[in-house]
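Take a short walk through this fold.

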Amino acid sequence: MSSIPDLSGKIINISLRYHEVPMIKLILGLQFGDEGKGKITDFVSDEKSILVRYNGGTNAGHTVVTDRGKFKFHLLPAGSLRAKTVVLGNGMVIDPFALIEEIKGIIKENLRLDIRISSAASVVTDLHKNIDREQENLRGDMKIGTTSHGIGPTYEEKYSRNGIRISDLSSLETIIRKLRLIREIRQSELRNSPYLEDEKLLELAKNLHSTWDFIGKFVCRTETFLMDSVEKGEKMIFEGGHGSLLDIDFGTYPYVTSSNTISGSMHTGSGISLRKVNTIIGVVKSYTSRVGEGPFPTELHGNEAESLRTAGGEYGTTTGRPRRVGWLDIPLIRYASSLNDIDELAMTKLDVLGSRKTIKICTSYGKKINNPMNALLGAETAEPEYIEMDGWGTLGNDEIEKIVSKGYDSVPEKMKEYIETVERLVGKKISIVSIGQIRGSTILKK
Ligand code: IMP
């Protein structure tokens with residue numbers, strides 16, 4: 001234990017706060033999104049946790065199944081239903097109308113929600129959704145398969161410094177000026193947009209401004225709140241949106257989202273240094289899925305794909321699109337696990353995979369490849385090599401309940417073999433295992 005002065009000269013005890021107790025966790029996905037991060041965040045959060053999301057927008061999505069029904073979240077982190085406080089950080093791109101709907105959905109159920117929204121987060125407007133669609137049309141056969149939720153164009157606006165920030169929603173005049181500026185600069189991308197008409201643009205500006213009445217009271221400099229919370233030794237969970245392989249720099253560019261998604265983006269998206277995090281948990285689905293275009297070496301096709309897609313309910317929470325599905329890809333998971341410097345893994349949807357008679361795991365791409373992204377992006381050719389394992393059958397609700405009450409030792413032997421093989425291949429421990437859809441079907445593995 002050691003004591004050091006903090007920035008204000010006050011003596012603080014660092015070892016207790018940052019080293020002995022794993023107080024601050026970062027949870028992120030290691031594949032192409034939809035790994036089931038939400039379920040893991042929900043599992044590790046409690047009523048004392050401050051939950052923070054720091055990137056992306058409504059392009060993300062997760063469903064939490066509770067005894068009060070299904071909740072679909074796009075902006076709020078999944079653990080919002082039980083957390084002490086929820087923070088939407090500056091790195092996010094927020095559609096204010098969608099946000100109000102999500103918050104009202106929780107309030108309607110008489111569940112409490114203490115939320116803080118960063119004044120510096122970016123606002124997604126209809127203009128940006130129009131631009132997103134227009135860009136996708138223009139790409140032709142180079143299309144990315146975006147969610148059309150305006151994510152890319154809103155980040156473009158942020159970086160060109162013309163973006164509308166959440167704090168701007170308080171001023172109708174600022175919204176009108178910025179919308180007009182954006183329209184002027186982006187004329188060609190808005191040629192099919194109804195907002196070329198000034199009357200329409202003014203209506204949009206008024207609607208955006210009207211959201212301030214509801215949202216304004218939650219808006220603050222969230223980085224200050226978070227820094228104070230770190231100082232107080234609060235329990236915090238940062239939830240990354242989107243998978244690591246959709247990262248704008250390290251993912252399968254251009255088939256990626258428009259923000260960084262790897263662990264380092266937590267710092268720029270929230271103001272809290274990655275050095276404050278005690279544990280980084282990488283979430284991996286027991287097989288792979290991907291929405292939209294882009295390389296996918298272990299992809300399944302035909303009946304095999306259809307059967308796994310149906311068993312796993314692999315249809316986008318955000319767009320309803322059928323997800324492409326395939327076997328687990330170890331080279332990609334090892335790559336993502338290094339990029340994020342993860343401490344441990346959580347594995348989801350083992351119940352879904354188990355119903356396959358034979359299960360495959362891609363262990364390599366044939367020859368020695370120095371970076372799997374090169375293989376995926378065509379510089380080298382990905383020729384997946386697989387090992388095969390037996391499935392463990394379909395788990396009934398009674399069986400899931402039994403496993404949950406008795407713990408990891410009662411997991412079917414074949415499932416254990418799968419879990420332990422993945423641990424060995426990735427070189428990281430799996431500490432959390434999810435074996436069913438409902439909230440209480442997640443177990444800790446020692
Ligand atoms: P955008 O983020 O809407 O621009 O879409 C870019 C690509 O990322 C598309 O292929 C999307 O389907 C994909 N994508 C973005 N966010 C997620 C996510 O949270 N889960 C899965 N795919 C996503």
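A residue counts as buried under 20% relative accessible area, as exposed over 50%, and as partly exposed in between, with a 1.4 Å probe and protein chains only. Helices (H or I, at least four residues) and strands (E, at least two) are DSSP runs, numbered from the N terminus. The model is predicted: local features need pLDDT of at least 70, side-chain atom pairs count only at pLDDT 80 or more, and totals for chains, interfaces and linings use all residues. Residues are numbered from 1 along each chain as its sequence is written, and side-chain values use heavy atoms, with hydrogens and water left out.

Start with strand E4, residues 49-53. E4 is mostly covered, with 5 of its 5 residues buried. Ser49, Leu51 and Arg53 point one way from the strand. Ile50 and Val52 point the other way. Both groups are buried.

E4 has pairing partners, where two strands pair if DSSP finds at least two bridges between them. With strand E12 (residues 235-243), E4 pairs in the parallel sense over 5 bridges. Ser49 has Lys235 in E12 as its bridge partner. With strand E7 (residues 85-88), E4 also pairs in the parallel sense, over 4 bridges. There, Val52 stands opposite Val87.

Strand E18 (residues 358-364) runs antiparallel to E19, and 6 bridges join the two.

Next come the helices. Two packed helices are described by the angle between their axes and the distance between the axes. Axes are lines fitted to C-alpha atoms, for helices over the stretch in contact, and angles run from 0 to 180 degrees between N-to-C directions.

Helix H4 (residues 126-139) and helix H5 (residues 151-159) cross at roughly 115°, their axes coming within 7 Å. That makes H4 roughly perpendicular to H5. The cut-offs are under 35 degrees for roughly parallel, over 145 for roughly antiparallel, 65 to 115 for roughly perpendicular, and oblique for the rest. Contact means heavy atoms within 4.5 Å. On the H4 side are His128, Ile131, Asp132 and Gln135; they meet Ile151, Pro153, Thr154, Glu156 and Glu157 in H5.

Helix H12 (residues 330-340) packs against helix H16 (residues 413-426) at an angle of about 60°, with the axes 9 Å apart. H12 is therefore oblique to H16. Ile330, Ile333, Arg334 and Ser337 in H12 meet Val422, Leu425 and Val426 in H16.

Last, look at the backbone. Most residues other than glycine have a negative phi, and most peptide bonds are trans. Where is the cis peptide bond that joins Tyr253 to its partner? The partner is Pro254, and omega is about 10°. Pro254 lies in the loop between E12 and helix H10 (265-270).

Arg161 has a positive phi, near 70°. This residue is found in the loop between H5 and helix H6 (172-185). Arg161 is exposed, with a relative accessible area of 73%. His242 is not a glycine either, yet has a positive phi of about 70°. His242 lies in strand E12. His242 is buried, at a relative accessible area of 7%.
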